[in-house]
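I opened this notebook to record what I looked up in one structure. The entries follow the order in which I took up each topic.

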Amino acid sequence: MATLNEEIQRRRTFAIISHPDAGKTTLTEKLLLFGGAIHIAGAVKSNKIKKTATSDWMEIEKQRGISVATSVMGFNYGDYKINILDTPGHQDFAEDTYRTLTAVDSVIIVVDVAKGVEQQTRKLMEVCRMRNTPVIIFVNKLDREGRDPFEILDELESELKINVRPLSWPINIGAKFKGVYNIFENTLDLFTPDKQKVSERVEIDDVNDQRVDEAVGETDAAKLREDLELIEGVYPEFNVDDYLAGQTAPVFFGSALNTFGVKELLDCFVKIAPSPRPVEAIERTVRPDEQAFSGFVFKIHANMDPNHRSCIAFVKVCSGRFERNANYKHIRSGKMMKFSSPTAFMAQKKNIVDEAFSGDIVGIPDTGNFKIGDTLTEGENIHFKGLPSFSPEMFKYIENTDPMKSKQLEKGIQQLMDEGVAQLFVNQFNGRKIIGTVGQLQFEVIQYRLLHEYGAQCRWEPISLYKACWIESDDNDALEAFKRRKHQFMAIDREGRDVFLADSGYVLQMAQADFPKIRFHFSSEF
Ligand code: G4P
């Protein structure tokens with residue numbers, strides 16, 4: 001039987017992130033194909049919200065419901081146990097993605113070769129940077145016309161603010177795309193457009209091998225050598241430690257749809273990607289190989305069926321071994337709890353599991369005990385850090401329209417916020433409640449769920465806000481002076497922290513200039 005440490009060392013827990021349509025779903029599916037978790041392409045239910053349905057959030061929730069099954073995908077690949085954490089494609093659910101990123105040890109970013117770095121990718125990368133998450137980049141859709149790979153590398157570097165190092169290199173692109181030279185292993189793979197089949201490998205010693213010329217033609221072989229020389233000249237040699245420190249991102253090129261360049265990516269990934277990393281708690285750093293179990297809730301998935309008011313809380317195991325029916329302490333409530341039917345997802349099947357190890361994700365059926373960020377341990381009082389809230393993009397006042405149901409409304413709002421659907425701020429001047437979201441959809445989701453799950457009715461009233469910033473200062477007098485001056489715009493978040501509601505970019509700038517002793521934060525983790 002494998003030891004705890006062996007179990008941990010073989011685990012790779014990561015997320016694939018991208019701007020919608022870059023190919024995240026396709027790449028995920030191809031990775032599952034290699035892992036033998038599925039046998040034919042097209043078997044993965046897309047977690048992608050179809051574009052046509054953007055105005056129909058019920059449909060979206062239905063699709064999200066389906067996506068519970070694909071929330072975590074575990075499979076074995078060689079000696080490795082791989083856990084892919086899925087992230088919602090729709091940007092209105094970006095907050096979900098941010099939180100999922102707190103539960104992974106590394107990330108693969110997919111970029112469309114024609115579109116380059118897009119807005120959503122930039123934002124997600126910021127979250128990775130905050131945590132020094134190691135990142136590998138997969139430039140996708142090489143079978144389509146796109147941009148020059150050197151240009152893409154420059155853009156990745158400047159837009160994502162990370163050093164890049166190509167570990168594979170394309171031979172042409174679009175209609176003339178011939179294949180990829182794998183710099184990491186000095187191999188050559190020729191492109192055969194096929195959705196199911198793995199590419200054809202040419203046996204070569206190195207790039208100067210005559211067989212390269214035979215395989216791709218002299219002109220392209222010469223160009224490839226020239227490109228590689230340039231790469232060696234411009235980019236420092238690949239250093240795994242820089243990657244692990246989140247400073248350098250290795251880059252691969254390929255076509256997910258054609259299963260091309262995917263195996264190379266996966267093979268390199270399992271070798272270099274980190275096994276579960278230590279996790280910071282307020283009290284101390286928790287190492288994955290500690291014997292005692294600990295973990296935290298990073299996601300709560302509600303059941304949209306009002307007849308089954310149950311949720312699944314997703315727990316990332318941070319240390320030790322999680323066991324079914326063992327007694328664990330829920331730190332926030334101080335209660336001991338036992339879980340008789342924890343689930344995990346292996347090879348597309350949801351099963352009740354008896355045990356799980358650091359790096360794994362277990363789904364725990366819940367009826368409202370859990371809140372995002374909750375810690376579970378064998379008894380030690382620790383609180384895992386690092387589930388940041390970001391300043392929402394949209395704000396509305398929430399008003400009760402049924403005075404008989406104000407209790408229900410209160411409870412509903414509280415539970416939905418616990419689940420992380422949106423953020424609540426209470427204006428200290430007029431006591432009104434403000435809900436902040438990253439997208440219009442959440443307002444509809446909240447209104448619907450309040451009515452159907454809690455029997456409460458609400459209406460939205462406009463408020464013109466630009467950003468909510470968490471403020472702090474080492475100088476208490478300065479802080480108080482600021483709060484007095486801006487008293488109409490001061491709110492507190494659910495943890496009671498001071499939040500300044502800036503109604504325009506200009507006002508925020510002025511406030512920053514006028515109050516140099518105040519620090520303004522755009523995320524709650526500082
Ligand atoms: P996402 O999860 O990041 O949103 O992207 P997804 O994988 O759904 O891919 C978006 C579209 O790009 C899909 O086409 C998919 O088939 C296509 N695609 C993915 N990888 C490649 C590639 O390597 N080459 C080419 N040419 N296309 C690729 P769609 O038409 O939107 O969807 P579908 O009808 O094919 O499912």
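Predicted model: local features only at pLDDT ≥ 70, side-chain atom pairs only at ≥ 80, totals over all residues.

Residues are numbered from 1 along each chain as its sequence is written, and side-chain values use heavy atoms, with hydrogens and water left out.

**Cysteines.** I looked for disulfides, defined as a pair of cysteine sulfur atoms within 2.5 Å, and the count is zero. Cys-128 has 1% relative accessibility and therefore counts as buried; Cys-458, at 7%, is also buried. Buried means under 20% relative accessible area, exposed over 50%, and partly exposed in between (1.4 Å probe, protein chains only).

**Helix pair.** I next examined H11 (residues 406–419) and H12 (residues 440–454), whose axes come within 10 Å and cross at roughly 120°. H11 is therefore oblique to H12. Axes are lines fitted to C-alpha atoms, for helices over the stretch in contact, with angles from 0 to 180 degrees between N-to-C directions. Oblique is what remains after roughly parallel (under 35 degrees), roughly antiparallel (over 145) and roughly perpendicular (65 to 115). Helices (H or I, at least four residues) and strands (E, at least two) are DSSP runs, numbered from the N terminus.

**Loop residues.** Which phi does Asp-21 have? I found a positive value of about 85°, although Asp-21 is not a glycine. Asp-21 sits in the loop between strand S1 (11–18) and helix H2 (24–34).
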